[in-house]
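Please keep the sequence and the coordinates in view while reading.

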Amino acid sequence: AGPCDIYASGGTPCVAAHSTTRALFNSFNGSLYQVRRASDSATLNIAPLSTGGVANAAAQDSFCAHTTCVITTIFDQSGHNNHLTQAPSGGVKGPGANGSDNLASATGAPVTLNGHKAYGVFIPPGTGYRNNAATGTAKGDAAQGMYAVFDGTHFNGGCCFDYGNAETNSHDTGAGHMEAIYFGNINVWGTGSGSGPWIMADMENGLFSGVNVKQNTGDPTITDRFLTAVVKGQPNNWAIRGGNAASGSLSTFYNGPRPNASGYNPMSKEGAIILGIGGDNSNGAQGTFYEGVMTSGFPSDATENSVQANIVAAKYATTSMTSGPAMNVGSHVSLRATTACCTDRFISHQGETVNTQVVSSSNTTTVKQQASWVVRAGLANSACFSFESVDTAGSFLRQSNFQLMLNANDNSKQFHEDATFCTQAGLNGQGNSVQSWSHPTRFFRHFNNQLFVASNSGVHDFDATALFNDDVSFVVSSGFA
Ligand code: AHR
């Protein structure tokens with residue numbers, strides 16, 4: 001059985017079921033999600049390998065070869081047509097066209113389930129999905145349950161990495177108008193014990209960790225690489241549960257009355273569905289989503305415990321984050337541009353500025369060192385890489401507002417994430433392309449001889465589609481110095 005078969009047997013059927021990694025019903029063999037490639041804007045729906053099984057990631061890989069893909073739709077498997085698509089502008093504008101949020105890269109969150117490769121939805125700040133016309137979801141004070149599987153190591157303190165029930169107009173319509181799972185370490189509203197991240201409930205104008213508006217120490221910091229997060233609510237009662245999605249059982253972190261604040265009892269749920277954003281389209285948060293559902297009715301703990309056993313049996317595991325020509329940690333490398341204009345130019349720095357320079361074996365040591373980088377294990381994810389300057393030890397290539405800079409590592413979480421990159425075969429067939437770990441639609445790109453992390457179309461000039469594949473492909477050789 002799948003998670004939704006278990007919820008149905010418990011009398012609390014799924015009214016929305018989303019996953020890019022697997023079928024959530026035993027009998028599901030429809031489309032899980034849709035990707036769109038940049039080369040010709042064609043789309044492909046990805047289905048399970050077999051009925052009830054894991055997503056066919058190989059179909060995505062071949063469709064997206066030599067270009068980039070984004071996830072356009074996460075289909076609802078429940079039969080309610082509650083599909084998630086690009087979130088529109090709301091109380092808060094997104095960074096995309098007309099204030100919409102960005103779509104997620106299709107390759108930001110590779111994993112395996114029972115040994116089969118699949119992709120989760122890696123959501124950087126500015127990215128989000130929504131359905132403002134959902135049907136069958138809880139409204140008003142009606143009962144609902146939700147679970148989601150997240151990456152417990154990918155979070156931040158922005159508002160608000162949510163999955164669940166929200167406003168139908170993308171605006172903040174007041175306390176009690178949402179009931180969504182939140183994951184992260186924002187401390188503006190509620191907090192749990194430790195420094196976070198925490199699973200909390202976003203009920204609008206407040207993230208709640210228990211009955212108190214601020215801290216409830218029963219809600220622990222939880223950072224499992226694969227994390228099951230549960231929030232459920234019914235009249236006068238709600239609960240937070242969680243656990244390791246790869247082993248063991250769920251714990252209850254709160255189960256009791258509605259928060260001690262006005263507007264949350266009774267609830268005024270509106271029934272829209274959000275992923276990766278707040279109710280008003282606040283889009284400062286990041287996180288990774290693998291699967292999740294919303295139910296009609298308040299699931300029993302026993303039903304959720306069976307769902308957790310099903311998730312554990314799906315065997316989520318990490319997999320390689322890199323491919324293409326090998327990069328060896330500790331080696332010195334130089335990266336040569338492959339665009340016709342610039343095949344004698346190498347990624348180089350002058351102070352903090354990162355650009356391309358013409359470099360050859362006859363240059364001075366100073367110039368050679370400016371174009372040479374020590375490959376390090378990725379500062380935010382050791383399955384990827386960071387690039388330390390040969391002449392300025394302790395300084396790394398990092399992106400800041402999508403421009404590549406050379407800055408000293410201040411050991412902050414933000415710096416580590418800005419300085420972590422995952423390599424793959426060059427999109428134009430030469431060398432490597434270097435993908436931003438924290439913004440996986442973006443790659444090292446030279447543009448007017450300056451270095452950026454660029455996406456394959458977008459609002460910045462450096463996101464231009466013309467020459468994209470060439471501009472993001474660099475031949476990696478042993479370093480000049
Ligand atoms: O409740 C926390 C956040 O507050 C909501 O997600 C958002 O709509 C508002 O900014």
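This is a predicted model: local features need pLDDT of at least 70, side-chain atom pairs count only at pLDDT 80 or more; totals for chains, interfaces and linings use all residues.

Because lysine 269 sits in the loop between strand E17 (251-256) and strand E18 (272-275), while glutamate 179 belongs to strand E12 (residues 179-184), the pair ties together parts that are 90 residues apart in sequence. Both lysine 269 and glutamate 179 are buried.

A further salt bridge joins the side chains of aspartate 418 and arginine 398, at 2.9 Å from N to O. Aspartate 418 lies in helix H5 (residues 413-418) and arginine 398 in strand E26 (residues 395-400), so this pair links parts that are 20 residues apart in sequence; aspartate 418 and arginine 398 are both buried. Arginine 445 and aspartate 471 also form a salt bridge, with 3.0 Å between the closest N and O atoms, and since arginine 445 is in strand E30 (residues 442-447) and aspartate 471 in helix H6 (residues 468-471), the parts tied together are 26 residues apart in sequence. Arginine 445 is buried, as is aspartate 471. Over the whole structure the search finds 15 salt bridges, and Lys232, Arg241, Asp301 and Glu304 are linked in a network of them.

## An enclosed strand

Strand E10 (residues 144-150) is largely enclosed by the rest of the structure, because seven of its seven residues are buried. Gln144, Met146, Ala148 and Phe150 point one way from E10, whereas Gly145, Tyr147 and Val149 point the other way. In a regular strand, side chains alternate between the two faces of the sheet.

Seven bridges join E10 to strand E15 (residues 227-234) in an antiparallel arrangement, with phenylalanine 150 standing opposite leucine 227. Five bridges connect E10 to strand E19 (residues 287-295), which is also antiparallel to E10, and there alanine 148 has glycine 292 as its bridge partner.

## Nonpolar cores

The largest nonpolar core has 81 residues, and those with the most contacts inside it are Tyr129, Tyr147, Phe150, Tyr163, Ile181 and Ile199. A second, separate core of 29 residues includes Ile347, Phe385, Phe387 and Phe452.

## Overall dimensions

The chain comprises six helices and 32 strands, and buried residues make up 57% of its 481 residues. Its radius of gyration is 23 Å, which agrees with the value near 23 Å for a compact globule of 481 residues, and its C-alpha atoms fill a box of roughly 75 × 45 × 40 Å along the principal axes.

How values were computed:
Residues are numbered from 1 along each chain as its sequence is written. Side-chain values use heavy atoms; hydrogens and water are left out. A nonpolar core is a set of buried Ala, Val, Leu, Ile, Met, Phe, Trp, Tyr and Cys residues joined through side-chain atoms within 4.5 Å. Buried means under 20% relative accessible area, exposed over 50%, partly exposed in between (1.4 Å probe, protein chains only). Helices (H or I, at least four residues) and strands (E, at least two) are DSSP runs, numbered from the N terminus. Two strands pair if DSSP finds at least two bridges between them. The radius of gyration is taken over C-alpha atoms; the globule rule is 2.2 Å times the number of residues to the power 0.38. A salt bridge is a side-chain nitrogen of Lys or Arg within 4 Å of a carboxyl oxygen of Asp or Glu.
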